[in-house]
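Subject: Handing over the structure, with notes

Dear colleague,

Please keep the view on your screen as you go through them.

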Amino acid sequence: MTKEQLFQYISEGREIDFEYRGKKYSITYSPSWEDDYISFCEYYQYTSDVKTPDELIKVKREGTTVLQMIESIPDDDIWIR
């Protein structure tokens, strides 16, 4: 998946799940009355909440950014809802 595709899915409010190095991750967009935010987490682990897609792609897990993860895995390992 490209950065542009990721940004498009986020702008549409889609949920993105993917597997990277044997772990499952999730990206969700959560609009609210006060503040919209984007959440990124490994399933059932610590969640990083950010305000923009540009902030999201810089979030790191185990030394790897979200953008590096997304760009390095095959589309078959990414599920869009």
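This is a predicted model: local features need pLDDT of at least 70, side-chain atom pairs count only at pLDDT 80 or more; totals for chains, interfaces and linings use all residues.

The core

I would begin with the largest nonpolar core, which has 20 residues, and in which Leu6, Ile16, Phe18, Ile27, Phe40, Leu56 and Val66 touch the most other members. The largest share, 4 residues, comes from H3.

If neighbours within four places in sequence are left aside, isoleucine 27 is in contact with Leu6, Ile10, Arg14, Glu15, Ile16, Phe18, Ile38, Ser39, Phe40, Leu56 and Val66.

The aromatic residues

The structure holds 4 aromatic pairs, and I describe two of them here. Phenylalanine 18 and tyrosine 25 form a stacked pair, with 5.5 Å from centre to centre and 20 degrees between the planes. Phenylalanine 18 is buried at 0% relative accessibility, and tyrosine 25 is buried as well, with a relative accessible area of 3%. Phenylalanine 18 also pairs with phenylalanine 40, and this pair is likewise stacked, at 6.4 Å centre to centre and 15 degrees between the planes. The second pair links distant parts of the chain, given that phenylalanine 18 is in strand S1 and phenylalanine 40 is in strand S3, 22 residues apart. Both phenylalanine 18 and phenylalanine 40 are buried, and together Phe18, Tyr25 and Phe40 form one aromatic cluster.

A residue in strand S6

Threonine 64 is found in strand S6, where it is buried with a relative accessible area of 9%. Not counting residues up to four places away in sequence, threonine 64 touches Tyr20, Arg21, Val59 and Met69.

The salt bridges

Side chains of opposite charge can pair when their charged atoms come close. How many salt bridges does the structure hold? There are 5 salt bridges in the structure, and the ones below can be picked out by residue number.

In one of them, the side chains of lysine 23 and glutamate 62 meet at 2.3 Å, N to O. Lysine 23 lies in strand S2 (residues 23–30), while glutamate 62 lies in the loop between strand S5 (60–61) and strand S6 (64–65), so this pair ties together parts that are 39 residues apart in sequence. Lysine 23 is partly exposed, with a relative accessible area of 28%, whereas glutamate 62 is exposed, with a relative accessible area of 60%.

Another salt bridge joins the side chains of lysine 51 and aspartate 35, at 2.8 Å, N to O. Lysine 51 is in the loop between strand S4 (47–50) and helix H2 (53–56), and aspartate 35 is in the loop between S2 and strand S3 (37–42), so the pair ties together parts that are 16 residues apart in sequence. Lysine 51 is partly exposed at 47% relative accessibility, and aspartate 35 is partly exposed with a relative accessible area of 44%.

The side chains of glutamate 12 and arginine 14 also meet in a salt bridge, at 3.4 Å, N to O. Glutamate 12 counts as partly exposed at 43% relative accessibility, and arginine 14 counts as partly exposed at 29%. Finally, Glu15, Asp17 and Arg81 are linked in a network of salt bridges.

With best wishes

Notes: Residues are numbered from 1 along each chain as its sequence is written. Side-chain values use heavy atoms; hydrogens and water are left out. A salt bridge is a side-chain nitrogen of Lys or Arg within 4 Å of a carboxyl oxygen of Asp or Glu. Buried means under 20% relative accessible area, exposed over 50%, partly exposed in between (1.4 Å probe, protein chains only). Helices (H or I, at least four residues) and strands (E, at least two) are DSSP runs, numbered from the N terminus. Contact means heavy atoms within 4.5 Å. A nonpolar core is a set of buried Ala, Val, Leu, Ile, Met, Phe, Trp, Tyr and Cys residues joined through side-chain atoms within 4.5 Å. Rings of Phe, Tyr and Trp (its six-membered ring) pair if their centres lie within 6.5 Å; planes under 30 degrees apart count as stacked, over 60 as edge-to-face and the rest as tilted.
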